[in-house]
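Me: Could you go through this one with me? I'd like to start with how it is divided up and then work towards the contacts.
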Amino acid sequence: MHIRLILLIILLVGFVTPSLAEIASNSSEVVANTETTLTPAPELKRSDYPNMGFSSRSVVWILAQMHLFFAAFVLAVPIFVLVIEFIGFKYKDDRYDDMAHEFMKISITAYSITALFGGSLAFALFLLYPQFMAYMMRVFNTQTLVYAGLFFAESALLYIYYYGWNAMRYGEAKWGHLTIGLLLNAVGTTLLVVANSWATFMMAPSGINEVGAVTGSIWEIMKGPLWNPLNLHRVLANIAFGGAVVGAYAAYKFLSAKTMAEKAHYDWMGYTSNFIAVLAFLPLPFAGYWLMAEIYAYSQQMGITAMGGILAWLFVVQAILIGTILLSANYYLWSGMSRCEGSERYTWMIKYIALVLIVGFLIWVTPHTLILTPSEVATLGGSHHHTLGPLGIMPAKNIAVNLMLIATFLSFQLYRRSDKVITVSWAKAGNALMVAIYVIAIANIIFAGVYYGYFTNTVYKVGSSVMQVASTLIVIIGGVIIDTLMFKNAKTLPSTWGKVNNFSQYALFALPVAFTWLMALMGYVRSSVRTNWHVYTVMKDNSPENYIPAIGHAGNMMTIATVLFLLIIVFIFWIASLSNTKQVPEVDNASNC
Amino acid sequence: MPVIVKVLGFSLGLTLVFTLIANLLPQVEGEAPVEKIIDPSAFTEESFIALGEELFQGKGTCTLCHNNMGRAPDILALNMVETSTERMADSRYQGSAKDVEAYLRESMLQPSIYVVQGFGKKGSNDTESPMPTVDKAPIQLSELEINAVIAFMQAKDGNLVTVALPTEEATPTTSQSEITIQINEPAMAKTAEAALVQFGCTVCHSVLETESPVGPDLRTVASRLSVEEIRQSIVDPNAVIAEGFPPIMPTDFAEKMKVKELDMIVQFLVDSGK
């Protein structure tokens, strides 16, 4: 019966999805043939913006940020849940299945909150920025209905996936459940990329002429130059963020656990969450490079506004946040090595990894192009500091970030090796190869950064980062392949889940706090590079708040959003725990007599 | 202490650390350009060049790339009249400009016609410029504004300005004698009184309705100083310090004030002090 139900759903989704796509496609053709498409974007006056007596931008800012936080979380969790579920199914290990189900329990409560913030955001936008929303509706037309339709599909699949978990847990039915999970992720990712197209259209519009009149199909409008870079960046960032949030849940449960069994379960869950968060985080800077490179290619002005202009100080804060993330993730791994006595072979390396992370962090926070007052320029003796100035430019930061990523991967590798005694005959050669890969990659990263960064012109500076990224990726991919081969028939040493200090769990709280703040910060940058345009180059923002706010004000807004998110997440954790609580009926002594 | 209190305290504490860092950094707002009404017939060559400089530093966003960072030729460090002449003589030059003014205009309106070696878009072999066309969005300089920028680029190294000053007849796009431009600065004061208030003169000087002993009395300044001395005391206040007063007057009025505002203030002080 379950199989038939699943087939029916697949048929329905298969039927509905092309139909919606067809509607969007047909409608864009119809629209393209009518005169309305030649209407330019409106030129707004200040009086076109309703004055409600409060800051319209602040209201939209908080609502949009909250919606994005929760949307990122609920779209990301099913991605790694599906992978964990599949691992559990393949290796017939119920622990994985239970953990995946528990992750979904947290996500499902967040889903309705996502919708609540999404609806509130839409109302706020239509109320406070009616002309802008009218223009966006004109441009995206019935694509917005496709989005709504996908939301229905997402909801249906999510509820079936979660509530059907135990009903489709074993045998053939599990394949059906995994298929639903796959469809859920396909629809979820489509929702994400559709919503991304609105944001990237505002930054780098396409499918319209120079006055904002629609001239292209909906596909041409969506497929702007920044769409795919942002899609990749957001998918990775969402997974890292989702992993970090469920890691905090595991840490909270670990700290509250009453029994050793509970501690062991949530310790393992926390470790898995941290693994997911860091695994998705490692390639994130490279996705960020791609996005920034495309921004520069689209508009050098926009790129410089982000990286070297008024927003330059902000990257100091970004460095502090990413430093917090890397240090927390590494500290958690180092603490976790105490679960296994075999880790003593590697603990001597921790201090060197920590040194690389701290030096890399300090280089990363060294600012470069800053907006300075004349007296500050005079004090510095120029626009850059004599000694520290060279550390402020991108080549130095590229060296720092690549070495920090390699150091983090090394922590991971050491952790994974802690409970193993390698038995393959070529163990020595394998280790030598691994060391050689590290040495060559590190030498290449430093050489490319120093030589191309300081002794050649700008074009080569940018090109050198590709060599550095390739070196880092070779270490990560090479390390995973070599370890996988070397772990064959390896002797496993005993390790005790739950045997980890409580301090390490706070690293699992630092991760989501830093991730959340970081997401808000990068949203502020992404939005600010449009300067005083709703839609860059075609629709000016003439509202009273059309300026880029100072970092302090923006920081306060980010904190409000982060604290609100944290409080709601704690509520979600509580709700998730509540469902496991069952009241024991009171014994009626009187009736017993 | 309950776990929930500990983890919330830790998380909120960390959030506050990030907030504190953001608030400790220098606070700079990115002001959107404000609309400003100017009278094209009221320009002097000096004020027209000053407008060009404002546009170069502000709305034109030229200094984002044209600086000493190596992203684009450093226009402020180059003599643009000599440089333009050399470029027009370059065998790679495919444009139609015959003189410096035309070359500078062409480079702003069709930046890819001639790309300085090493400054082209990546992979274009210096055939495509990353520079936006300045009369299109997002910069949107008007013809008058482009002319002002050219005048600035010619004048900054002491070269002859060949751009004709705008006239009422030369601006047919407006129905009145005034046109609107966008500048990243407050609108120009319309009267001398407004200028005196806008530049904070009334804070230290007795003038208009205010009494202040910090600086010399401006109501009678015309009886002590000539027109040129009054002008000098505003644009270069430390040249001569009035006896008995501290040397605390701001020295950047030459940069902040428009020529017309300076003229209005000087004339007002002369007239009211007679």
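Reply: A word on terms before we start: domain bounds here come from an automatic or database domain assignment. The model itself is predicted.

Me: OK, what domains is chain B divided into?
Reply: Chain B is split into domain 1, covering 34–183, and domain 2, covering 192–273. The C-alpha centres of these two domains of chain B are 34 Å apart.

Me: And chain A, how many helices and strands are there?
Reply: Chain A has 21 helices and four strands. Of its 593 residues, 45% count as buried, and among the contacts in chain A with a separation of 6 or more, 83% are accounted for by residues 24 or more positions apart.

Me: Switching to the contact between the chains: how many residues does it take from each?
Reply: Chain A contributes 46 residues and chain B contributes 36 residues. On the side of chain A that touches chain B, at least two residues each come from α8 (227–256), α11 (300–307), α12 (314–336), α18 (458–486), α19 (502–528) and α20 (551–578) of chain A.

Me: Which helix gives the most there?
Reply: That is α20(A), which supplies nine residues to the side of chain A that touches chain B. By class, that side of chain A is made up of 28 nonpolar, 17 polar and one charged residues.

Me: Now the largest nonpolar core, which residues touch the most other members?
Reply: The largest nonpolar core has 164 residues, and those touching the most other members are A:Phe73, A:Ala240, A:Phe241, A:Leu321 and A:Leu511. Helix α2 (residues 56–90) of chain A provides the largest share of this core, with 20 residues, and at least three residues are drawn from each of domain 1 (1–17 + 44–335 + 505–573) and domain 2 (341–370 + 386–492) of chain A.

Me: What does A:Leu321 touch?
Reply: Leaving out residues up to four places away in sequence, A:Leu321 touches A:Ala514, A:Trp517, A:Leu518 and A:Leu521, as well as B:Phe18 from chain B.

Note on methods: Residues are numbered from 1 along each chain as its sequence is written. Chains are lettered from A and ligands numbered from 1 in the order in which they are written. This is a predicted model: local features need pLDDT of at least 70, side-chain atom pairs count only at pLDDT 80 or more; totals for chains, interfaces and linings use all residues. A residue is buried if 20 or more other C-beta atoms lie within 10 Å of its own, exposed if 12 or fewer, and partly exposed in between; C-beta atoms are placed from the backbone. Two residues are in contact if their C-beta atoms, placed from the backbone, lie within 7 Å. Ala, Val, Leu, Ile, Met, Phe, Trp, Tyr, Cys and Pro count as nonpolar, Asp, Glu, Lys and Arg as charged, and the others, Gly among them, as polar. A nonpolar core is a set of buried Ala, Val, Leu, Ile, Met, Phe, Trp, Tyr and Cys residues joined through C-beta atoms within 7 Å.
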